[in-house]
Amino acid sequence: MKTKSKIILGSLAMVTLLGVSSCNSAAENVTEAQQDVNEANQALDEANREYLEDIAEYRIATADDITYNDSLILDLKSRSKVSGKKTNPEHDQEIADLESRNAEMKKKMDEYEGDGPDNWTKFKEEFAHDMQELGTALRDLTKNNKD
């Protein structure tokens, strides 16, 4: 009987030990999971901060580009008035169209509301493309006006 008691007592001790060790593992798992959540939240906050900073920096850069375009447009308008030549209605219409496009680009940038990094990337690519086309058209018109 002593042997049977020892086996039962040993088995009971092992079951108790397994139960206690598994409780510690669960507590450790909860702690580790909480740390993972905190790290993920910090990473998300950092990414959101960088996203908002990118928007702010891009707004400043595009404002400078739009201001530069405004100065080119103003220069084109003043050259056509100063030249003393009869103004070309088509040339004046091109200038007016470019001025309108520049104003639309400014409005588009001013009205953009951040709606996520994926949409921001798409918006920024399209906006940069449109600004590049506008800049090229203005430079081409400026070159043609000098000739």
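First a term I'll need: I call it a salt bridge when a side-chain nitrogen of Lys or Arg is within 4 Å of a carboxyl oxygen of Asp or Glu. I looked up the total, and the structure holds 7 salt bridges.

Some ground rules. I'm working on a predicted model, where local features need pLDDT of at least 70, side-chain atom pairs count only at pLDDT 80 or more, and totals for chains, interfaces and linings use all residues. Residues are numbered from 1 along each chain as its sequence is written, and side-chain values use heavy atoms, with hydrogens and water left out.

**Overall layout**

I checked the elements next: the protein chain has 3 helices and 0 strands, in the order α-α-α from the N terminus on. Helices (H or I, at least four residues) and strands (E, at least two) are DSSP runs, numbered from the N terminus.

How much of the protein chain counts as buried? I get 18% of its 147 residues. Buried is under 20% relative accessible area, exposed is over 50%, and partly exposed is in between (1.4 Å probe, protein chains only).

The protein chain exposes about 11100 Å², and carbon and sulfur atoms supply 56% of that. Those areas come from the Shrake-Rupley method with a 1.4 Å probe; for residues, only the protein chains shown count as cover.

I also looked at contacts, meaning heavy atoms within 4.5 Å. Among contacts in the protein chain with a separation of 6 or more, 78% are between residues 24 or more positions apart.

**Salt bridges, one by one**

Arginine 49 pairs with glutamate 46, their closest N and O atoms being 2.4 Å apart. The two are 3 residues apart in helix α1, which means about one helical turn between them. Arginine 49 is partly exposed at 37% relative accessible area, and glutamate 46 is partly exposed too, at 33%.

Glutamate 99 forms a salt bridge with lysine 77, with 2.8 Å between the closest N and O atoms. This pair links distant parts of the chain: glutamate 99 is in helix α2 (residues 89-111) and lysine 77 in helix α1, 22 residues apart. I noted glutamate 99 as partly exposed at 32% and lysine 77 as partly exposed at 29%.

Aspartate 130 and lysine 108 make another salt bridge, the closest N and O atoms being 3.6 Å apart. Aspartate 130 sits in helix α3 (residues 117-146) and lysine 108 in helix α2, so the pair ties together parts 22 residues apart in sequence. Aspartate 130 counts as partly exposed at 25% relative accessibility, and lysine 108 is partly exposed at 31%.

**A buried asparagine**

Is asparagine 69 buried or exposed? My entry says buried, with a relative accessible area of 4%. Asparagine 69 lies in helix α1. Leaving aside neighbours within four places in sequence, I find asparagine 69 in contact with Asn102, Met131, Leu134 and Leu138.

**A charged patch**

Last stop, the surface: Glu28, Glu32, Asp36 and Glu39 gather there in a patch of negative charge. Of these, I placed glutamate 39 in helix α1 (residues 2-82).

Patches take residues with over 30% relative accessible area and no salt bridge, joining like charges within 9 Å and nonpolar side chains (Val, Leu, Ile, Met, Phe, Trp, Tyr) within 5 Å. Lys and Arg count as positive, Asp and Glu as negative; His and the chain ends are not counted. The place of a charge is NZ of Lys, CZ of Arg, CG of Asp or CD of Glu.
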